[in-house]
Amino acid sequence: MPYTLKEIADSIGAQLHGDPECQIEGVASLARAETGQITFLGKPRLSRLLPESRASAVILTAIDQPNCRTNALVTANPYAAYVKAAQLLHPPPGFTPGVDANAVVHESAQIAPSAFVGACAVIGEHARIASAAFVGPGCVIGDDVEIGRACRLVANVTLCHGVQLGERVLLHPGVVIGADGFGLANDAGIWLKVPQLGRVVVGNDVEIGANTAIDRGTLEDTVIEDGVKIDNLVQIGHNTRVGAHTAVAGCAVIAGSVTIGRRCMIGGASALAGHIEIADDVVITGMSGVPNSITQAG
């Protein structure tokens, strides 16, 4: 659906320079954008492309605006503004509510009339699926699972018993939440399995990438707080707490009973030892090994 440039400017909170009635139908990169598309200039090294851009509009800073030969939306953070514009112009695909005839749903499960359950999905006993939620094909929803409003489980997601999702959670294919943690006790050379009795509780606006696994707690819950973003192929151990708005890149491994603060950034292929604490606003670069707590915020 096209939007006028004024509608986009109002939506993303940018200052409009140019034709407010200009029609925008999509987004593209600065080098490839054409008429009807909007783009952005986020890095100074790409400013050389600005004079030649064929985009109908460019999102940029006030410093770069004088060099723009087309319509411009001026903002302090062009990349964030571009993301908001892209979300407006390219919303997630819609769906028709209902339960597919090939889904298996326990009679005690509660599914909101506006929710969707896809083919070959399995919904367990006393599971609850809230309004506007999307449970894609092949998903397995265990007993007593709660799925909040407007969550989207793309396909082949497994939520083991007792898992709780907040609102607007996005789970990509292959995510497994609530499997048993790696809890073992050694008894004269023989490993005894420690019962994993906690849950996994996921907050609002969390996104979890493909084939990521988050283990349930041993006694207390594993907790993923609001706004956390987790990439593909990440392992999070039992009893770990990930603070709000932290981002974890692909292939990171976080052991059990780790407490991670708010707004942290954990690079790809990093490994965090168990039973440590990471303060707020910590940046851990890719392939780092973290054996001890980091107590200084930032």
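Visitor: Which residue stands opposite Ile177 in β26?

Guide: Ile214 does. The model is predicted: local features need pLDDT of at least 70, side-chain atom pairs count only at pLDDT 80 or more, and totals for chains, interfaces and linings use all residues. Residues are numbered from 1 along each chain as its sequence is written, and side-chain values use heavy atoms, leaving out hydrogens and water.

Visitor: How many bridges join β21 and β26?

Guide: Strands of a sheet pair through backbone hydrogen bonds, either parallel or antiparallel. Strands are DSSP runs of E, at least two residues long, numbered from the N terminus. Two strands pair if DSSP finds at least two bridges between them. Here β21 and β26 (residues 213-215) have three bridges, in the parallel sense. β21 (residues 176-179) also pairs with β18 (residues 158-159), again parallel, through two bridges. There, Thr158 stands opposite Val176 in β21.

Visitor: In what order do the strands of the open sheet come?

Guide: Follow ten strands: β8-β11-β14-β17-β20-β25-β28-β31-β34-β37, with parallel pairing. The edge strands, β8 (98-99) and β37 (283-284), each pair on one side only. Now look inside the sheet. β14 (residues 134-135) and β17 (residues 152-153) are parallel and share two bridges. Val135 stands opposite Leu153 in β17.

Visitor: How many salt bridges does a search of the whole structure find?

Guide: Side chains of opposite charge can pair when their charged atoms come close. The cut-off: a side-chain nitrogen of Lys or Arg within 4 Å of a carboxyl oxygen of Asp or Glu. The search finds ten. One of them joins Arg149 and Glu167, at 3.2 Å from N to O. Arg149 sits in the loop between β16 and β17, and Glu167 in the loop between β19 (164-165) and β20 (170-171), 18 residues apart.

Visitor: Which residues are linked with Arg149 and Glu167 in a network of salt bridges?

Guide: Arg168 and Asp205. Arg168 meets Glu167 with the closest N and O atoms 3.0 Å apart. Arg168 also meets Asp205, at 2.6 Å. Arg168 lies in the loop between β19 and β20 and Asp205 in the loop between β24 (200-202) and β25 (207-208), so this pair ties together parts 37 residues apart in sequence.

Visitor: Is Thr295 buried or exposed?

Guide: Buried means under 20% relative accessible area, exposed over 50%, partly exposed in between (1.4 Å probe, protein chains only). Thr295 has 72%, so Thr295 is exposed. Find Thr295 in the segment after β38 (289-290). Arg168 is partly exposed at 34%, and Asp205 is partly exposed at 31%.

Terms used:
Helix = DSSP H or I, 4+ residues; strand = E, 2+ residues; numbered from the N terminus.
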